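Q: Please take a close look at one part of this model, namely its aromatic rings and what surrounds them.

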Amino acid sequence: MPEKDAEIILGIETSCDETSAAVLRGEREIRSLVISSQADLHSRYGGVVPEIASRAHLESLLPAVHEALAGAGVGYGELDAVAVTRGPGLIGSLMVGLTAAKAISFALEVPLLAVNHLEAHIYANFLRFEGLEPPLVAFVVSGGHTVLVFMPAHRRYQVLGETLDDAAGEAYDKVARHLGLEYPGGPAIDRLARHGDPEAIPFPRAVMHDGTYNFSLSGLKTAVVNYVNRQRDSGKPFSVEDVAASFQAAVVEVQVHKITRAARETGVGKVVLAGGVAANRCLREKLEKALEGKGIGLYYPPIELCVDNAAMVAALGWRMLKEGEVS
């Protein structure tokens with residue numbers, strides 16, 4: 001059992017299709033982390049079904065909390081605060097986590113910390129890297145969001161650019177579904193792309209040189225669908241691996257270009273990746289290569305902290321508690 005020399009925070013995350021609970025001690029000591037994925041429930045639909053997600057959270061959340069507390073070796077009475085995702089996310093899913101967190105906070109008479117989901121993804125990096133501090137540029141990229149942010153200090157943000165239509169993860173899922181791949185589409189396409197030619201098909205690079213930091217993937221997604229349909233309708237064979245590699249190359253090339261330019265123009269020495277798509281092998285490798293030799297460090301969390309998880313929620317909650325920002 002940990003000594004009471006640091007705050008012990010219970011984190012709860014139910015924004016989409018992962019039910020997660022974690023116990024954090026102090027700023028970055030993860031005492032336990034439980035993630036219950038719903039991927040199998042949603043795979044037959046090719047995407048998350050909100051009603052199914054919220055019902056699954058109802059079944060999984062309290063067992064996840066109990067498992068997290070047991071894994072951390074602490075009881076409810078030892079908690080100093082409860083941090084929970086308040087949004088953005090699916091309203092039904094969010095309500096499950098928020099209701100549980102409010103009940104625990106009320107019963108224990110401890111602070112409730114209502115956390116922004118996207119901001120929490122950024123704070124997953126502070127769990128992993130002890131010496132990491134702002135200023136930095138953060139690229140938050142997931143199934144529902146694609147946002148490029150300048151972070152001059154802790155909890156201070158300037159949005160540089162965001163998606164004009166589809167988020168990166170959403171585009172990956174839609175392309176994967178059209179190719180007959182499993183859900184979630186990001187890992188499936190990333191695996192296939194390793195065996196394909198990224199230059200085989202000249203898919204468009206939208207808004208790459210428009211002078212903004214925005215992203216657009218709707219046209220690229222349509223170009224992939226049209227290409228596949230043309231090949232199928234004409235009976236011409238095509239390589240799924242080449243489609244995956246060429247699609248991913250088009251996505252990543254624009255991302256790397258804009259992230260690198262943002263780091264250069266803001267004058268920061270650090271770039272962090274955050275969100276589920278931050279686990280993408282191609283994005284990490286291409287961005288590392290682009291930043292190499294420029295005096296700019298690249299940081300990204302381990303896979304288990306890229307996906308939606310309660311440890312990142314507790315980490316941001318700890319920062320909010322220190323700043324007195326209690327719900």
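Where does the charged end of lysine 258 sit?

A: The charged end of lysine 258 sits over the ring of phenylalanine 215, 5.9 Å from its centre. A charge counts as over a ring if NZ of Lys or CZ of Arg is within 6 Å of the ring centre and within 35 degrees of the ring normal. The model is predicted: local features need pLDDT of at least 70, side-chain atom pairs count only at pLDDT 80 or more, and totals for chains, interfaces and linings use all residues. Residues are numbered from 1 along each chain as its sequence is written, and side-chain values use heavy atoms, with hydrogens and water left out.

Arginine 128 lies over the face of phenylalanine 129, at 5.0 Å from the ring centre.

Across the whole structure, a search finds six aromatic pairs. Rings of Phe, Tyr and Trp (its six-membered ring) pair if their centres lie within 6.5 Å; planes under 30 degrees apart count as stacked, over 60 as edge-to-face and the rest as tilted. The rings of tyrosine 123 and phenylalanine 126 have centres 4.7 Å apart and planes at 40 degrees, so this pair is tilted. Both residues are buried, that is, under 20% relative accessible area, where exposed means over 50% and partly exposed in between (1.4 Å probe, protein chains only).

Phenylalanine 129 and tyrosine 299 form an edge-to-face pair, because their planes stand at 80 degrees, with ring centres 5.0 Å apart. Tyrosine 299 is partly exposed, with a relative accessible area of 23%. Ring pairs also link Phe203, Tyr227 and Phe238 into a cluster.
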